[in-house]
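This report goes through one model, helix by helix and loop by loop. Please keep the sequence and the coordinates at hand.

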Amino acid sequence: MSQEQPMKPQLGEEAQDSNNNVYGHIQEHKDLTHERHGDRKNIQAASSGEHVLDRGHITIGEALEATALTAGSRPVDYSDAAAIQAAEVRATGRTNIVPGGVAAAAQSAATRNARLTRDDDKTKLSEILAEATSKLPADKPVTRRDAEGVIGAELRNDPNLTTRPGGVAASLAAAARINQINQSSPKKE
């Protein structure tokens, strides 16, 4: 009696083309982001001794923008503000927050949100983190150490000592994993 293995579905040409198009759009967005912001930040990062931005790596600003997409409808709280502050400090290399920057806006929103009762009136993560890349005076690729620092900040400031799925810490951790994979895989020309 022979046992047959079920066949795995194969992607048709149309599905394969669709996957290629999605990847192409993602790469176009990343290229446009680097064209708009890359030169200024590359110079600042290089002068501060940080790694220069690489097209194959996700930056802290981009990871924050991803959070706006994954958890953007959630009101900003103190743990979010702390995680955003830790991310900004790591991106800029400064020990203090930038006046009018992403972290300052997050802290202000968390304080305001704590006083409000209706979620509809509260400031959402998407309002703070949209265009985060352009709001940071410097940016750099996310490393494991950056992700660990942001995770620690989010944990310390959460009453339940947890991080949120799709939140700031989760986004930076995912970006760090992707960057580590990109760094260890051979470059294709």
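Does Leu-161 count as buried or exposed? Leu-161 counts as exposed, because its relative accessibility is 59%. The cut-offs are under 20% relative accessible area for buried and over 50% for exposed, with partly exposed in between (1.4 Å probe, protein chains only).

## Basis of the values

This is a predicted model: local features need pLDDT of at least 70, side-chain atom pairs count only at pLDDT 80 or more, and totals for chains, interfaces and linings use all residues. Residues are numbered from 1 along each chain as its sequence is written, and side-chain values use heavy atoms, with hydrogens and water left out.

## Helix H3

Helices here are DSSP runs (H or I, at least four residues), numbered from the N terminus. Helix H3 covers residues 78-92, which is 15 residues. The expected span of a helix is 1.5 Å times one less than its number of residues. For H3 that gives 21 Å, and its end C-alpha atoms are 21 Å apart, which agrees. Gly-93 follows H3 and has a positive phi, near 80°.

H3 is largely enclosed by the rest of the structure, because 11 of its 15 residues are buried. Among them are Ser-79, Asp-80, Ile-84, Glu-88 and Thr-92. Their packing partners are helix H2 (60-71), helix H4 (102-115), helix H5 (125-129), helix H7 (144-156) and helix H8 (168-184). Contact means heavy atoms within 4.5 Å.

## Glu-88 inside H3

Glu-88 lies in helix H3. Its relative accessible area is 1%, so Glu-88 is buried. Beyond four places in sequence, Glu-88 touches Ile-97, Val-98, Gly-101, Val-102, Ala-103 and Leu-136. Glu-88 and Leu-136 are 48 residues apart in sequence, yet their C-alpha atoms are 7.2 Å apart in space.

A polar atom of the Glu-88 side chain lies 3.1 Å from the backbone nitrogen of Ala-103. A polar contact is a pair of N or O atoms within 3.5 Å; within protein, one must be able to donate a hydrogen and the other to accept it, and residues adjacent in sequence count only if both atoms are side-chain atoms.

## The nonpolar core

A nonpolar core is a set of buried Ala, Val, Leu, Ile, Met, Phe, Trp, Tyr and Cys residues joined through side-chain atoms within 4.5 Å. The largest one has 33 residues. Those with the most contacts inside it are Leu-64, Ile-84, Ile-128, Leu-129, Val-150, Val-168 and Leu-172. Two or more residues each come from H2, H3, H4, H5, H7 and H8. H3 gives the most, with 7 residues.

Leu-64 touches Ile-84, Ala-87, Leu-129, Ala-132, Val-168 and Leu-172, leaving out residues up to four places away in sequence.

## Loops and positive phi

The loop between H7 and H8 holds Leu-161. Leu-161 is not a glycine, but its phi is positive, about 55°. Asp-158 is found in the loop between H7 and H8 too. At 7% relative accessibility, Asp-158 counts as buried. A polar atom of its side chain lies 2.9 Å from the backbone nitrogen of Asn-160.

Glu-131 lies in the loop between H5 and helix H6 (132-135). Its phi is near 60°, a positive value in a residue other than glycine. Glu-131 counts as partly exposed, at 45% relative accessibility.
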